[in-house]
Amino acid sequence: MPQKKVQEFFITSRSISKIPSLSAFLLSPIRRYSDKKIGTKSSIVVWGFRPSSTHGEKIAKKRNLPIVRLEDGFLRSLGLGVHGAPPLSLVVDDVGMFYDSTHSSLLEKYIENHVLSINELHAAQRGIIHISTLNLSKYNHTRLCDIAPTNDKKITLVLDQTKGDISVLLGGADEKTFKLMLETAQKEHPNSEIWVKIHPDVISGKKEGYFNCTPSGIRIIKHDICPQSLLKRANIVYTATSHMGFEALIAGCKVVCFGKPWYAGWGLTDDRHPDMTDLRSRRRRKCTLEELFYAAYLKYSRYIQPETGKPGTFFDVVEWIQLNRDLKEKNSGTLWCIGMSLWKRAAVKPFLKTPDNKLCFISTLKNLPSKLPQNSKLVVWGSRPDVVDFAKRHSLPLLRMEDGFLRSIGLGSDLLPPISLVVGFHGLHYSPHSSSDLEQLLNKLEIDEWQTNRAIKLRKQLVELKLSKYNIGNTFHLSKNAVGKTIVLVPGQVESDASIKAASPEINTNLALLRMVRHLRPNAWLIYKPHPDVIFGNRKGEVPINELSMLVDQTAEDADIADCLAAADEVHTMTSQTGFEALLQDKEVHCYGMPFYAGWGLTIDQLPLPQRKRQLTLNELIYGTLISYPRYIIPGHSGFARVEAVVDYLRLQKTNSRKHYSSTHWLAGQWRKVLGLLRTLL
């Protein structure tokens, strides 16, 4: 059977060819235009109805080829396109374009002909909630609205647009439209406060708007502001063709349209354009907000996964924007990083630096200036009592950093850079008495069905891919002599580790732990897995050989911890993260210290943790610990990543890691450190 030829998209514009991940948006190969290469299965790609599109239109007409038009999606990016932020969403239309009211578009056809299924309705409702509660818009770089009306008056909002914009022209509006719109708003709402919202591109100085001169008594909002937070203050919104008019419907506003935008004519807006006859001849049905949202955001728009550039979904982009916007805010101001080595500085920088903040590395507190800039924060690695005390005395925010739970392919002690860190304002997760950020999060966490499914899927991936904190080691083989016995795994730890000092006051050495476990499980098959840092000679925690031989049935020195967990029935630990990874594999976990995953009703605990006030499901623990709490990055990609993208990255990296850690020779260890340092610094 002949193979179906893949459709190709030919591009006549150099600027379009530079759009990142364009082939992922188009779901097909893209090529620069050439008469010799173009075939019958090809389409010509242009950008909307810009003047630059005429060249492509002429080629398409000459060759009798279809035209495909691109435009920015309705949830475009974190930052402004005019400032270089790449699109995370595009619309691809082979019928027309959504803002061209003179002809039908693919979006219009979707709305007219598609009836939502129950699942589609639920997806639309969830999407609308995300836009509203997370204050999302086309661009998402702005702060929330802090403007209040005078004397508690009602607010009538009038939306400006960029002068000469094609959506204004093809939406049946012009300069007179905007003048009439403002006059009408004043006349119809004499007791309201009239606010005029200037377009972001006009605020940035890149373009000109229609409201350069306005009558007295009008409040002009000339600074960039989060649209949803502004719309929630308004009662009624007047617009020509701005997409913000549809966002106003999401915010619950009454919307008056003086032009003919894509969302007008469906029964949800007060349409004032003098010529609505042609539009209503095509838009014949009454629609719900969910139907318009689904068609525009979930069917018409296309998305990429921001971390990888692969085809994605609306919800991928929502999660990524929310994550990066929140962490940008937490990293805001001037960050003073105290007492970090050259390697540590390079390792933490991607987790702290943003385009808008300032990062300063200093050796000691004495190097701090006498007068700190406004919105200064202190940053330390781990716990520094002197810095903690200084921060309290001077009422300064303090960020504490530590390795995350999915750290790297290889050891941190070999100077390999982390792809995950945790950053806390209220203490770190390994200290049970610090009221850490993770503990506070887990004490109040509530997750919905979508978040629960996300945790279930993540757990399944981690178990199937055998991913853990360091992701090293060879296949583990259980001894034949273990048949018929209870298999108990005891993970060794670095005895000088902060988690043992802070959270395991009674049993705090590997030898003491092994003795206790052997006492409690005299007939079990006891497997001891030494910590990799101890095996490679980087840290303290070795158990004397004579003691080991009396207490342990099998030692798993070079084994992958995931394989060891798969073989075990029980895991006994002080504070090791292996206990958490054991929970992911449905193992019984005994805690002799107070690790972050103890005290929530999922482990058998030897020490009380009364500050952990609720019983958690495993999915809640996974969501809080692996999805909400850590910060993730992927080398070579900008922005913070979601955990799922990191899991995929680790999967690809782990395949090539075993040979790298096959030797415990001292020289091999030093070579690993050199390579790790170079990777981090470069």
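## Notebook: a sheet, a serine and some salt bridges

I began with the sheet: 6 strands make up an open sheet with mixed pairing, in the order 15-14-16-17-18-25. Its edges are strand 15 (358–362) and strand 25 (631–632), and each of these pairs on one side only. A reminder to myself that I am reading a predicted model here.

Next I looked inside the sheet, at strand 17 (residues 398–403) and strand 18 (residues 420–424). They run antiparallel, and 4 bridges join them. For a landmark I picked D403, which has L421 of strand 18 opposite.

**Entry on S43.** I moved on to strand 3 (residues 42–47), where S43 has its place. Is S43 buried or exposed? Its relative accessibility is 1%, so S43 counts as buried; the cut-off for buried is under 20%. I then asked which residues S43 touches once neighbours within four places in sequence are left aside. The contacts I found are Q7, E8, F9 and F10, together with P66 and V68.

**Entry on salt bridges.** How many salt bridges does a search of the whole structure find? It finds 32. I noted a few of them individually.

I started with E108 and R283, whose side chains meet at 2.7 Å, N to O.

Then I turned to E188 and R272, a salt bridge of 3.0 Å, N to O. This pair also links distant parts of the chain, with E188 in helix 7 (residues 175–188) and R272 in the loop between strand 11 (270–271) and helix 11, 84 residues apart.

The next pair I looked up was R285 with E291, whose side chains form a salt bridge at 2.7 Å, N to O. Here I found both R285 and E291 buried.

**Last entry.** Which residues are linked in a network of salt bridges? I wrote down E307, D316, E319 and E644 on the acidic side, with R454 and R642 as the arginines.

Key. Residues numbered from 1 in each chain as written. Predicted model: local features only at pLDDT ≥ 70, side-chain atom pairs only at ≥ 80, totals over all residues. Heavy atoms only, no water. Pairing = 2+ DSSP bridges. Helix = DSSP H or I, 4+ residues; strand = E, 2+ residues; numbered from the N terminus. Buried < 20%, exposed > 50% of the residue type's maximum accessible area, 1.4 Å probe, protein only. Contact = heavy atoms within 4.5 Å. Salt bridge = Lys/Arg side-chain N within 4 Å of Asp/Glu carboxyl O.
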